[in-house]
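Please look through the structure below with care, and keep it in view while reading the report that follows.

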Protein chains: 2
Amino acid sequence: MGRPPDPARREATLARATDYVLAHGLAGLSLRPLAAALGTSPRMLLYDFGSKQELVTAVLAEARRRGATRLAENLPPEAASPEERLRGIWAWISAPERAPYVRLIFEVHADGLAHPENYPDRAEAITNWFNTLGATFRDIATTPDDTVTPTLVMAVIRGLLFDLTTTGDRHRTDRALDRFCELLR
Amino acid sequence: MGRPPDPARREATLARATDYVLAHGLAGLSLRPLAAALGTSPRMLLYDFGSKQELVTAVLAEARRRGATRLAENLPPEAASPEERLRGIWAWISAPERAPYVRLIFEVHADGLAHPENYPDRAEAITNWFNTLGATFRDIATTPDDTVTPTLVMAVIRGLLFDLTTTGDRHRTDRALDRFCELLR
DNA sequence: CCATTGTTGAAACAGTCGTACCATATACTG
DNA sequence: CAGTATATGGTACGACTGTTTCAACAATGG
């Protein structure tokens, strides 16, 4: 008996909170402004998520879920050559529409360096869909279980993203990827 | 007339504040704990630096200055081959002793993504000594004023640092650099 | 109706933050 | 000595933080 629970409310809040975090970043996140933007109250956020830390964890999980989904939708066909796939992924991840996700990745990484205790599964949590991405390049590896080539490919992508987000110099970063493709041949 | 100013105090405070920031990170930096650790008071920090923001700016400038100095001291000789220089720089920057600097770089980068207004000269401030570093590889460029190859080299280093600081997997990241060296030949 | 369970608002708590204000101490000149 | 400039300590302000407490309201079942 009693009033039936409404799990949909928490889901809806989580989705909109994730939008908010992607738009405003993780660094200065505060319950009151977040609640105001979501049309709810800090009281309800804690009611639904228990604590700010748990809310953040849930938001990051949701963001990761979204990223993985969007990536799966936009992966170049298996049939394409490794180079075509690399170019496709770079074009996708470096597009302005992905900027909020990219920023969040760097924010989480930096926060994880200062507070590792908040990210118990940091290796998986942060690099999860980067690793998924890296698996795409397994066929340019030297041996079947070579993890080194995917690591290098991912490092180039991450490093160029660092550069691009800092300097905004798209031409130079695009050409650096071209150069890497040449080296891979 | 009057009591003579003591500029050395500000310098000493700046040096020790830089130590503190390198040890504790930028993210949660707060005047009271900082002052306590330095044996001074928030009052004096503001007296010497004007505001927290100006103090942070000064600390970052000092950290950058130190990084450039340490780098200059440890640069492999000009005579060495590009590959030897790349390996030397990787060994230097990825050493545990450089971890505080590396963390600070990633923290500043992430903060700059969220608050670009605090880093008016971000392209220079953040990438300054990375660019200095990149200049070291000018001779493996395809043309005299090629900025693309240094960009790629720096991206590999930054990307591998991201990976190493996240996963702690030194073996895999070291081998990824080996692989990059092979590609460069 | 009542009892029960889920939901929500308003307010307060205990703390931290950067910073400003006021007094005082210190070290120098004349 | 007085005069004057720098250097400090102490304190308080106003705004914020995550979280708790208490009360009320809503929707169900009996």
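Which of the 23 residues around DNA strand C come nearest? The model shown here is a predicted one, and in this model the residues that come nearest to DNA strand C are Gly2(A), Arg3(A), Asp6(A), Met1(B) and Ser30(B). At least two residues of the surface near DNA strand C are supplied by each of three helices, namely α3 (42-49) of chain A and both α2 (31-38) and α3 (42-49) of chain B.

The two protein chains are related to each other by a rotation of 180° with 0.0 Å of shift along its axis, which superposes chain A on chain B with an RMSD of 0.1 Å. This is therefore the relation of a two-fold axis. Within chain A, the C-alpha nearest this axis belongs to Gly159(A), and it lies 2.0 Å from the axis. Both copies use the same surface, since 100% of the contact residues of chain A recur in chain B.

The contact between the chains takes 39 residues from chain A and 39 residues from chain B. On the side of chain A that touches chain B, the elements that give two or more residues are α6, α7 (122-135), α8 (148-167) and α9 (170-184) of chain A, and among these α8(A) gives the most, with 16 residues.

Two packed helices are described by the angle between their axes and the distance between the axes. Helix α6 (residues 99-114) of chain A and helix α6 (residues 99-114) of chain B pack at an angle of about 140°, and their axes are 9 Å apart. Because of that angle, α6(A) is oblique to α6(B). The crossing in which α6(A) passes α6(B) is left-handed. The residues of α6(A) that take part in this meeting include Arg103(A), Phe106(A), Glu107(A) and His109(A), while those of α6(B) include Arg103(B), Phe106(B), Glu107(B) and His109(B).

The table sets out the residue classes for the surfaces described above.

| Surface | Nonpolar | Polar | Charged |
|---|---|---|---|
| Surface near DNA strand C | 10 residues | five residues | eight residues |

Key
Residues are numbered from 1 along each chain as its sequence is written. Chains are lettered from A and ligands numbered from 1 in the order in which they are written. This is a predicted model: local features need pLDDT of at least 70, side-chain atom pairs count only at pLDDT 80 or more; totals for chains, interfaces and linings use all residues. Axes are lines fitted to C-alpha atoms, for helices over the stretch in contact, and angles run from 0 to 180 degrees between N-to-C directions. Helices (H or I, at least four residues) and strands (E, at least two) are DSSP runs, numbered from the N terminus. Angles under 35 degrees count as roughly parallel, over 145 as roughly antiparallel, 65 to 115 as roughly perpendicular and the rest as oblique. A crossing is left-handed if the near helix is turned anticlockwise from the far one by less than a right angle, and right-handed if clockwise. Two residues are in contact if their C-beta atoms, placed from the backbone, lie within 7 Å. A residue is near a molecule or strand if its C-beta atom, placed from the backbone, lies within 6 Å of it. Ala, Val, Leu, Ile, Met, Phe, Trp, Tyr, Cys and Pro count as nonpolar, Asp, Glu, Lys and Arg as charged, and the others, Gly among them, as polar. Copies are superposed by least squares on the C-alpha atoms of residues with pLDDT of at least 70 in both.
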